[in-house]
Amino acid sequence: MQHSGHSHPIDHTIDHTLGHTITDVEIRSLFSATHSWEARYKELIKLAKQLPALDAADKIEANAIHGCESQAWLVSELGTNGCWQLHCDSDARIVKGLMAVVLAALNNKTAAQIQAFDMEAYFSELQLLSHLSPSRGNGLRAVVTAIKQSCQ
């Protein structure tokens, strides 16, 4: 899953990706203020709109995330500071919003921090998985697995 086929540098940090610094702390705060699935869904759509598309050149099989029913891609690069820069994209809005939630937690972290992050507890706290279809939940886990594998 690690991006290596192109000569252009990857400059996707979480600041660039979402337009401002956003972490799992902000995501937890954002979702704790929502009291219904409809409100959470609207927040996911907003997050999806903030996540810029990958370049067409990066939407290739080598970057594909398998296990999603929609098309999804991951580009990852280890920065000079020892932290991983991650960029995800999907052709499905809700998946893209879920990717933004994942990136808030894992982007710009070390491999050890990424591996140690309890994603199931994070999703449970945000009350996201219980409202997703089984295939969408499996796709979300596939995104997390792809990130963890690419950052080993």
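Tutor: The model is a predicted one, and H3 covers residues 37-50 in it. With 14 residues, the helix reaches 20 Å from its first C-alpha to its last, which is close to the 20 Å expected at 1.5 Å a residue. The buried residues in H3 are Trp37, Arg40, Glu43, Leu44, Ile45, Leu47 and Ala48. As background to such a list, an α-helix has 3.6 residues a turn, so residues three or four places apart point the same way.

The neighbour is helix H2, residues 24-32, whose axis comes within 10 Å of that of H3 and crosses it at roughly 140 degrees. Because angles over 145 degrees count as roughly antiparallel and 65 to 115 as roughly perpendicular, the two helices are oblique to each other. From H2, the contact is made by Ile27, Leu30 and Phe31, and from H3 by Arg40, Glu43, Leu44 and Leu47. The residues of this contact divide into five nonpolar, no polar and two charged. Arg40 and Glu43, which take part in the contact, are also among the buried residues of H3.

Elsewhere in the chain, strand S1 (residues 72-78) is mostly covered, with five of its seven residues buried. Seven bridges join S1 to strand S2 (residues 84-90), and the two run antiparallel; Leu74, for instance, has Cys88 in S2 as its bridge partner. The two strands form a hairpin with five residues between them, and Gly82 in the turn has a positive phi of about 85 degrees.

Technical notes. Residues are numbered from 1 along each chain as its sequence is written. This is a predicted model: local features need pLDDT of at least 70, side-chain atom pairs count only at pLDDT 80 or more; totals for chains, interfaces and linings use all residues. Side-chain values use heavy atoms; hydrogens and water are left out. Buried means under 20% relative accessible area, exposed over 50%, partly exposed in between (1.4 Å probe, protein chains only). Helices (H or I, at least four residues) and strands (E, at least two) are DSSP runs, numbered from the N terminus. Two strands pair if DSSP finds at least two bridges between them. The expected span of a helix is 1.5 Å times one less than its number of residues. Axes are lines fitted to C-alpha atoms, for helices over the stretch in contact, and angles run from 0 to 180 degrees between N-to-C directions. Angles under 35 degrees count as roughly parallel, over 145 as roughly antiparallel, 65 to 115 as roughly perpendicular and the rest as oblique. Contact means heavy atoms within 4.5 Å. Ala, Val, Leu, Ile, Met, Phe, Trp, Tyr, Cys and Pro count as nonpolar, Asp, Glu, Lys and Arg as charged, and the others, Gly among them, as polar.
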